[in-house]
Amino acid sequence: MAFGDLRAVDGLSFRLERGAALGLVGESGSGKSTVASALLALHRGTGARVGGTVRVAGVDVQAASDHELRRLRGGKAAMVFQDPLSSLDPYHAVGDQIAEVYRVHTKASRRAARARAVEVLDRVGIPDAARRARSRPHEFSGGMRQRTLIAMALACRPDLLIADEPTTALDVTVQAQILDLLHTLREETGMGLLLVTHDVGVAAESVDEILVMRHGRAVEHGPVGTVLGAPRDTYTRELLGAVPRVDAPRVTEGDVGDETVLEAVGLRREFGTGKRRFAAVDDVSLTVRRGETLGVVGESGSGKTTLGRMLVGLLEPTAGTVRHEGREQTGVSPSVQMVFQDPVSSLNPRRSVGESIADPLRARGERDEGRIRGRVRELLERVGLDPDQYHRYPHEFSGGQRQRVGIARALAAEPRAIVCDEPVSALDVTTQAQVVALLG
């Protein structure tokens, strides 16, 4: 499969039987999602060129008419996309969206379609499904939105479920729940599962066979125990070696000083009013000294992000105190900067990355454009990017590269402390290792 002169997928072959599960594993840019899209001809109309043969549920995808493809998509084969928030219509109740998919493929009545929507929502573990079917996507957590997409995919009882990074950016407990759900559904319905993931650990828990991709090609393919237990290819071994381990020896460089650069005492943050008022963070205290790394760990909804935003001054505490270098802090201070979880939404798509990195320099009062440009080039080089990419825009970078831009922007203000909010959650394991090493 090629886009212009770029060959995104080259010479790839695999077969998936009913009831079986295959994992497509590789780094960002390896061609995994391109393969998943080609199975449903989602590339049609984009100018992409596809060679070879693609057959799904008995349908020759490349020769199929638009009508045949509409019957295939959602009917015989369904896809669960990576980002459930952007895949769901924010203006309509989730139950109505599922019911609409069911009606399109079955011509069922509105009453029957609504009943089917509630049925599949209940099947994927949405509590009080009849009531929650009337909720809109923003009223669901990330894990519940992902369950909703799976319910939508199951509505028409497909033979094949394609899951494209279904657990990316979910915390480990919710991730485990989603993977258990996919496994149970496969056993009960007999559908085939194609799991696209950059996370080797996710694949190890969920599939029968693994196909490892790199630069659009298959470098290794076989039973999950064989590929992960005794990998033959060097790239597969590197991929496994990049998986973070809690028992890995710690490498520390430099000394931790006695100087306290960031301190929180009794922080509390409340949201809502009246009976709906609740404390997202309650009586949290911490101290970070010069050269020290402190990890804040917890599930989604535990208050980690709220705490981080209070530490950098983006949220005002309901109670408690934040001190930067011993001084009580109110509002945003250049001495403590933040690297956000999602580098796409935290970078202005209409401004070059160089200008985004330059913003903190200008905010500090620097007016010499020559010095600003020179400093930005230094920062780009420091985070492992080409300084000549100053004028490129965020969409021209990979996820890992955009996160490096976010780190460069945080460093521009020469902060005494950096708060990183899930900076590697959506990155593949090798890029995760690179970003963590950079921060260290």
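**View 1. Helix H1 gives the second largest pocket the largest share of its lining, four residues.** Helices (H or I, at least four residues) and strands (E, at least two) are DSSP runs, numbered from the N terminus. This is a predicted model, in which local features need pLDDT of at least 70, side-chain atom pairs count only at pLDDT 80 or more, and totals for chains, interfaces and linings use all residues. Residues are numbered from 1 along each chain as its sequence is written, and side-chain values use heavy atoms, with hydrogens and water left out. At least two lining residues come from each of H1 (32-39), strand S4 (55-56) and strand S8 (192-197).

**View 2. The second largest pocket has a volume of about 820 Å³.** A pocket here is an open set of points on a 1 Å grid over the protein atoms alone, where a 1.4 Å probe fits, with protein on both sides within 12 Å along at least five of seven lines; lining residues have an atom within 4 Å of a point. The volume is the space filled by probe spheres set on the points, which are joined across faces, edges and corners. Of the 28 lining residues, Phe14, Leu39, Thr53, Val54 and Arg55 lie nearest the centre. The lining comprises 14 nonpolar, eight polar and six charged residues (Ala, Val, Leu, Ile, Met, Phe, Trp, Tyr, Cys and Pro count as nonpolar, Asp, Glu, Lys and Arg as charged, and the others, Gly among them, as polar).

**View 3. Helix H13 (residues 353-363) meets helix H15 (residues 399-412).** Their axes, lines fitted to C-alpha atoms over the stretch in contact, come within 7 Å and cross at roughly 25°. The two helices are therefore roughly parallel to each other (angles under 35 degrees, on a scale from 0 to 180 degrees between N-to-C directions). Contact means heavy atoms within 4.5 Å: Val353, Ser356, Ile357, Pro360 and Leu361 of H13 meet Val405, Ala408, Arg409 and Ala412 of H15. These residues of the H13 and H15 contact are seven nonpolar, one polar and one charged.

**View 4. Helix H7 (residues 142-154) packs with helix H8 (residues 172-189).** The angle is about 15°, and the axes are 10 Å apart. That makes H7 roughly parallel to H8. From H7, Gly143, Gln146, Arg147, Ile150 and Leu154 meet Val174, Gln177, Ile178, Leu181, Leu182 and Leu185 from H8. This H7 and H8 contact has seven nonpolar, three polar and one charged residue.

**View 5. Leucine 12 sits in the loop between strand S2 (6-7) and strand S3 (21-25).** Beyond its neighbours within four places in sequence, leucine 12 contacts Val35, Leu211, Met213 and Ala218.

Conventions:
Angles under 35 degrees count as roughly parallel, over 145 as roughly antiparallel, 65 to 115 as roughly perpendicular and the rest as oblique.
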